[in-house]
Amino acid sequence: MRQVLKRPILTEKSTALSNKAQYVFEVDVNANKIEIRKAVESRYRVDVTSVRTITVRPQARVQMTRRGWIQGKTKWRKKAIVSLKQGQTIDIVGDLPTEE
Amino acid sequence: MESTVLESSGVRREIEFSLTKVEYDAHFSKTLREAQKEAQLKGFRKGMVPLNLVKQLYGKQLEAEAMEEAAQESFRGYAEQVQPRIVGIPAVTELRRTDDGGLYVKIGYEIYPEFELGQYKGLQAQRIFHTVTGEEVDTELDNLRERLATLEPAESADDDDHVVTVDIQKLADGLPVIGETSRDIRIFLKHENVNPELRRLLRGTRVGDAIRVDLPTGDGGQTNIPYEVTVKEVNRAVLPDADNTLAMKVLDDTTATIDQLREQITLSIKHEYDSQYSRIFRDSVVAALVNSHDFDVPHTMTHMVLDSFVEDLKQRDKKKELPAGFDRKKFESEMHPTAERTAKWMLIREQIIEAEGITVEEADYEDLAEFEAKRMGIQYDIVLRYLKSLDTTQERIVAEKVMVLLEDYADAQEIEDIVLKQQEEAKATPNGEDGVGQQQEGAEADSDEGSTIKL
């Protein structure tokens, strides 16, 4: 089964967005906005008002090995900015594993 | 915050602190903010990680830090307010969160014992002295002549005035052991530390003679090992006459006489005895003082003294290491009473220093430097600079001043060592007394540690 929501993205920018009830997730590259909305609503029991997505193109990567240079690319990625109904929040931090 | 001081024993104290939730939370927030400043996480600049994220990631560790910090700060506040004279480092014995979200802390510590300085003037102690006899001077003079003896080649070692140079080869099953040869060993037959059997066998030997002898070896010399001793050289030791020529040579003075040399030897012997008996006298004064004061010594201080004993043991080793198989627990248990007495003496000494207003002046450093420079044969300025750079010099000077003071104040009973020895022997002789009485006396002497001197 395909997992739509991969992980919440925690950066300074996403933290700033969360103050406006907008949360950033990394999602499956093939997931559409409807699937993302449904996944967020069912997982966090909230109402999603809008979903904006960003597709991150693969970046070229070069690695030097003993056999020579290996050229490759990073994976396609998709990010989703989910806006919630006013007054609703998601505890993304509480969802993270602690460092023991 | 509530605090209660509990007295567990003479110098041991325990204090309890109860912090409310609000008080504890303030500590935790502070710790959290400190951690936030240092937190580094991908996606955030240094110090920009949100507090709730820091708490989520490092909460448990930070809580432990906050509890420790709260405990320390509570104790610091108490110490600043009450100012107890604390010895060593206080230790947290109990630390836990309470059901209402507050904090409970229990800290154990030791304080300097409060005691009244007893009588330290007019302490009674025996001051032993020694009168150097002509016999002692003669013996020392003979030793000196032996050291300065000249060697004349001789046919055979006819008597004990001969020096025999030998090679000593270890044997096993009658065959020489390779690599176990000691060469060119000089044996003065007259010396008392020469093995009697070896001396007997070497008497009358000539160059080239070989003898076999069993010599004791190992711990306590209980095992005998066979050796082959080959004589390589025989010389007769010609001792210089005990005359003015000898005095001139020894004293390095062309006008010196034998009487001056004898006088010098007398002074040297007297000095040896004086310094030995002075140590005993000082020990007995200190023992009397320690015994007359009854107070609890903080364990921390005793342990500090024990640590210094161990360190001293290390310093005495060539490699600055403890001896192989050194049992620290056993050593500490054996040395504990001595360490406790030393710690007690240190506390009494502090009070004496305070009572007498003893201080260290520049002149004290100069006097000590002069003494040490003369003793070690090093330039005065170098010694003075070195002594001033040492932390222990001040303590050494003060300790010496206290001892001199106590010696001056003491009610010393002068007694000659020979008389004391006779008295001791008379006491030891069973004179119609039963064994129990003597045993009790012995036990009493042991407990005094230094107040009774055994020669």
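**Reading helices and cores in chain B**

Mentor: The buried residues of α8(B) (buried: under 20% relative accessible area, 1.4 Å probe, protein chains only) pack against α6 (258-292), α7 and α11 (392-409) of chain B. This is a predicted model, in which local features need pLDDT of at least 70 and side-chain atom pairs count only at pLDDT 80 or more, while totals for chains, interfaces and linings use all residues. Residues are numbered from 1 along each chain as its sequence is written, chains are lettered from A and ligands numbered from 1 in the order in which they are written, and side-chain values use heavy atoms, without hydrogens and water.

Trainee: Which residues of α8(B) are buried?

Mentor: Helices are DSSP runs of H or I with at least four residues, strands are runs of E with at least two, and both are numbered from the N terminus. In α8(B) the buried residues include B:F331, B:W345, B:R349 and B:I353.

Trainee: Where does α8(B) bend, and by how much?

Mentor: A bend is the angle between axes fitted to the seven residues ending at a residue and the seven starting there. For α8(B) that angle is about 55 degrees at B:H336, and a proline, B:P337, follows within four residues.

Trainee: How is the span of α7(B) read?

Mentor: The expected span is 1.5 Å times one less than the number of residues. Helix α7(B), residues 299-316, has 18 residues and reaches 26 Å from its first C-alpha to its last, close to the 26 Å expected. Its buried residues are B:M301, B:T302, B:V305, B:L306 and B:V310, and they pack against β3 (86-97) and α8 (328-356) of chain B.

Trainee: How many residues are in the largest nonpolar core?

Mentor: A nonpolar core is a set of buried Ala, Val, Leu, Ile, Met, Phe, Trp, Tyr and Cys residues joined through side-chain atoms within 4.5 Å. The largest one here has 46 residues, and A:F25 and B:F17 are among those with the most contacts inside it. Its largest share, 10 residues, comes from α2(B). Apart from it lies another core of 30 residues, among them B:F115, B:A125, B:I353 and B:M403.

Trainee: What are the totals for chain B?

Mentor: Chain B has 13 helices and 11 strands, and buried residues make up 32% of its 455 residues.

Technical notes:
Buried < 20%, exposed > 50% of the residue type's maximum accessible area, 1.4 Å probe, protein only. Contact = heavy atoms within 4.5 Å.
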